Amino acid sequence: MKTKRFIPFLLATALIGLTSPCKAMDDDARIAKRDSILSQITGAIIPQEELTITKFGAKGDGKKDCKPAFDKAMARAQKRGGARIIVPAGEYLLNGPIHFVSNVCLEIQEGATLKFSPEPDYYLPAVKTSWEGTFLQNYSPFIYGYQLENVSIIGKGTIDGNAGETFSTWRKDQRKDLQASRDMNHQETPIEERNFGKGHWLRPQLVQFFDCKNITIEGVFITNSPFWCIHLLMSENIICRNIRYDAKLVNNDGIDPEYTRNLLIEGIEFNNGDDNVAIKCGRDNDGWRTARPSENIIIRNCKFKGLHAVVIGSEMSAGVQNVFVENCTYGGYCKRGIYIKTNPDRGGFVRNIYVNNCEFDEVEDLFYVTSMYAGEGMDNNHFTQVHDIHVKDLKCRNAKVAAIVLQGTEALPIRNVSFENVNVDKAGIGLSFSNTEFIQLKNCNLGGYVGTPPSTASAKDNIFAK
């Protein structure tokens, strides 16, 4: 049975089963599935040998260019088969990027700051990277690793992109290059011919590990990123733990996994000018050709603050599956809590998404799934399969616009979605469903709570007395 409905009313302790096969996953089965994924996630092996960056000529005075020292330390580590590069307290200016080698741990100790130059020319020559789901060659990410193993960034120090005066101002000029990159994607232009960089306006990421295995990023404080903060591209076996953010420049997403598998995100304190976690998987033709889903991603014990807490899409053309969001709360305002977005340009799939024991304060929309994002692609036929999404024990004080929104398409309705114990104290709209199939709600209060009615009518209830 297909539904197309708009329900702007209080839903009090309701159970709606649409004569469907939809059934929430048993807790034991969900936990077993999650734990099987966790058993595969180890992160990086941390080398024992130490190299102190000051012994390579670095000086933490905020004035001397320390990039040559980091280049020398990386070369030494590579020659020795790996090392832990220690950055002691101080401010270290970098006139250009840090390019990792395998088997290196960069330990930024408490009181230490890596402060990158805002001068764009320092991040050339261009490197192979990706921009909003399209592969291309662009300015180097400030910390970059390509086709490496066992790489880590740890410590309680700071990574300061220092991008407020240059890169963060580029958004107003990026439209032409953004469109050119997407045209190259759709025309399947060879990547070596997709050249951006100098004379163009596509901002680089702060940290990007591309086609890497065994990664740990833990403890550091991140601020002033030129674009996305941490971009995990075509990588696997990753731990992101206890990272702290104050990253409010334009498009400062916290963590963007893309074509990435076996990832644990835990204990993060987000405070971002855009999405906290944005799970992606390639745009359109590049995604279909790569055909490698983002999968096996666990997000737990985090505090969300920023635009949206957890987003899937809209660049997800190779598919997203097996995502667990558990035991998370809010550190401040989020426009939306959980936001899944795609459209008929994208294709691919979103499936096996589990949200458990999460809480938000005030949002516009608590849980929003749309297959018509930005109204794009409505004349195309690359519809996305969105199904098997299960939500349990979700709380919110105030959903100003809507508590739960599901927007499918007639060609591919959203299907097999369950909600259990979803409680929203205030809501503008409780439910808004269109083009959905097999939706189940159990013990949900969206917009308040209705108490038990009295056993007898009062005098003012007598309609014949009026």
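Me: Buried means under 20% relative accessible area, exposed over 50%, and partly exposed in between, with a 1.4 Å probe and protein chains only. Is Thr329 buried, partly exposed or exposed?

Reply: This is a predicted model, in which local features need pLDDT of at least 70, side-chain atom pairs count only at pLDDT 80 or more, and totals for chains, interfaces and linings use all residues. Residues are numbered from 1 along each chain as its sequence is written, and side-chain values use heavy atoms, with hydrogens and water left out. Thr329 belongs to strand E27, residues 329-341. Its relative accessibility is 26%, so Thr329 is partly exposed.

Me: Which residues is Thr329 in contact with, leaving aside neighbours within four places in sequence?

Reply: Contact means heavy atoms within 4.5 Å. With neighbours within four places in sequence set aside, the partners of Thr329 are Cys302, Lys303, Phe304 and Glu359.

Me: How many Å apart in space are Thr329 and Asn357, C-alpha to C-alpha?

Reply: In sequence, 28 residues separate Thr329 and Asn357. From C-alpha to C-alpha, the distance between Thr329 and Asn357 is 8.7 Å.

Me: Is Ser168 buried or exposed?

Reply: Ser168 sits in the loop between strand E14 (158-160) and helix H3 (175-187); helices (H or I, at least four residues) and strands (E, at least two) are DSSP runs, numbered from the N terminus. Beyond its neighbours within four places in sequence, Ser168 touches Ala163, Leu249 and Val250. Because its relative accessibility is 12%, Ser168 counts as buried.

Me: What is the relative accessibility of Lys59?

Reply: The loop between strand E3 (50-52) and strand E4 (61-65) holds Lys59. Lys59 counts as partly exposed because its relative accessibility is 47%.

Me: What is the phi of Asp284 near?

Reply: Asp284 is in helix H4, residues 284-290, and it is buried because its relative accessibility is 3%. Most residues other than glycine have a negative phi. Asp284 is not glycine, yet its phi is positive, near 50°.

Me: Where is the place of Asn435?

Reply: Asn435 also has a positive phi, near 50°. Its relative accessible area is 9%, so Asn435 is buried. Its place, among residues 414-446, is strand E30.
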